[in-house]
Amino acid sequence: MTIQKIFVTAALTISILSLPLAAQSTSAPLTAAAAIAKIIAATGATPPPGTVDTVKGGDPNTIVTGVATTFLDTYEVLEKAVADGKNLIVTHEPTFYNHPDDMTVLGDDPVQAQKLAYIKEHHLVVWRFHDTWHMRNPDGILEGVIDEFGWKQYQSSTDPHLFALPATTLTQLAATLRAKAGSHLMRVIGDPNMPVTQVALLPGASGLTRQVKMLERDDVQVLVAGEASEWETVEYARDASAQGRHKALILLGHEVSEEAGMRYCAQWLKDVLPGIPIEYIRAGEPYWMPK
């Protein structure tokens with residue numbers, strides 16, 4: 001056998017022997033803790049001190065069978081995830097009814113206890129993806145919402161929350177957003193016939209100061225937000241409109257204003273966690289309207 005043939009034979013042997021090892025490395029079980037670490041790293045952000053992006057229930061060493069993203073892991077969302085075989089729940093908002101998920105706030109409350117028991121019984125791992133998803137550049141929630149609204153082409157190059165839209169009216173704008181978000185509830189303050197081109201978008205609960213500062217701007221006619229305390233930004237917008245100022249407020253609801261960001265998250269995660277089944281489960285609006 002020539003030296004060349006020996007070399008080729010040896011190379012083929014090494015290649016064949018290495019195939020099972022390569023296959024094993026790509027299909028190695030992924031724990032929830034490892035998946036979470038990959039997700040955080042992919043954002044390029046560093047969780048802030050005291051971050052709420054922590055595991056809320058379950059064992060982080062659990063092997064991931066599938067991932068479900070959601071705006072909020074309601075009891076019904078958890079049931080849907082179990083039915084679909086997804087055991088890593090990536091939720092944007094709290095599991096236990098307060099921002100830090102402090103279960104001592106409600107103590108021995110039976111609703112809270114049953115939810116935790118369900119998580120444990122079905123070997124789920126619930127992890128909150130809030131701070132680092134917002135800190136990602138661009139903000140993951142904002143990017144998903146802008147895509148849902150079809151506003152990317154109208155976005156300011158200097159402030160991602162500002163948009164110069166084609167001329168419309170407040171009523172038409174509200175109706176369009178309602179249709180695109182699939183919402184049946186929203187609140188609008190301002191003159192229904194007010195001409196609109198300059199809009200600011202602040203999904204979620206951005207707070208009085210940030211919301212009012214947006215409405216104070218000369219280049220903002222309408223603020224589209226998630227929610228606001230009714231004695232704060234709501235009344236500010238009502239007074240501004242009554243004073244004849246060219247200002248209006250559209251409140252979509254917190255869930256409606258951010259859920260597209262977690263739908264986008266499911267798509268984004270497919271590159272971060274290749275080979276892992278991933279789906280988005282909609283929490284849906286918590287309210288209903290009587291006929």
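Contact here means heavy atoms within 4.5 Å. Helices (H or I, at least four residues) and strands (E, at least two) are DSSP runs, numbered from the N terminus. The model is predicted: local features need pLDDT of at least 70, side-chain atom pairs count only at pLDDT 80 or more, and totals for chains, interfaces and linings use all residues. Residues are numbered from 1 along each chain as its sequence is written, and side-chain values use heavy atoms, with hydrogens and water left out.

Met 214 lies in helix α8, residues 208–216. Its relative accessible area is 8%, so Met 214 counts as buried (buried means under 20% relative accessible area, exposed over 50%, partly exposed in between, with a 1.4 Å probe and protein chains only). Leaving aside residues up to four places away in sequence, Met 214 touches Asp 159, His 161, Leu 162, Ala 200, Leu 202, Val 220 and Leu 223.

Rolling a probe the size of a water molecule over the atoms shows where empty space is left. A pocket is defined on a 1 Å grid over the protein atoms alone, for a 1.4 Å probe, as an open set of points with protein on both sides within 12 Å along at least five of seven lines. Lining residues have an atom within 4 Å of a point. Grid points are joined across faces, edges and corners, and a volume is the space filled by probe spheres set on the points. The largest pocket holds about 1000 Å³ of space. It is lined by 42 residues, and Gly 226, Glu 227, Gly 253, His 254 and Glu 255 are the closest to its centre. By class, 18 lining residues are nonpolar, 12 polar and 12 charged (Ala, Val, Leu, Ile, Met, Phe, Trp, Tyr, Cys and Pro count as nonpolar, Asp, Glu, Lys and Arg as charged, and the others, Gly among them, as polar). Helices α6 (140–149) and α10 (254–272) each supply at least two residues of the lining. The largest share, four residues, comes from α10.

Helices α6 and α10 also pack against each other. Two packed helices are described by the angle between their axes and the distance between the axes. Axes are lines fitted to C-alpha atoms, for helices over the stretch in contact, and angles run from 0 to 180 degrees between N-to-C directions. For α6 and α10 the angle is about 100°, with the axes 7 Å apart. The two helices are therefore roughly perpendicular to each other (65 to 115 degrees; angles under 35 count as roughly parallel, over 145 as roughly antiparallel and the rest as oblique). From α6, Gly 140, Ile 141, Glu 143, Gly 144, Val 145 and Glu 148 take part. They meet Ser 257, Glu 258, Ala 260, Gly 261, Met 262, Arg 263 and Tyr 264 in α10. This contact has five nonpolar, four polar and four charged residues.

Val 272 is also found in α10. With a relative accessible area of 16%, Val 272 is buried. Beyond residues up to four places away in sequence, Val 272 touches Lys 38, Ile 39 and Ala 42. The C-alpha atoms of Val 272 and Ile 89 are separated by 15 Å, at 183 residues apart along the chain.

Several loop residues stand out in backbone geometry. The peptide bond from Asn 137 to Pro 138 is cis, with omega near 5°. Pro 138 sits in the loop between α5 (131–135) and α6. Tyr 97 has a positive phi, near 75°, and is not a glycine. Tyr 97 belongs to the loop between β3 (88–91) and α4 (110–121), and is partly exposed at 46% relative accessible area. His 123, likewise not a glycine, has a positive phi of about 55°. His 123 lies in the loop between α4 and β4 (125–128) and counts as exposed at 58% relative accessibility.

His 123 is among the residues touched by Asn 87. Asn 87 is placed in the loop between α3 (75–83) and β3. At 9% relative accessibility, Asn 87 counts as buried. Its other partners include Thr 62, Ile 63 and Val 64.
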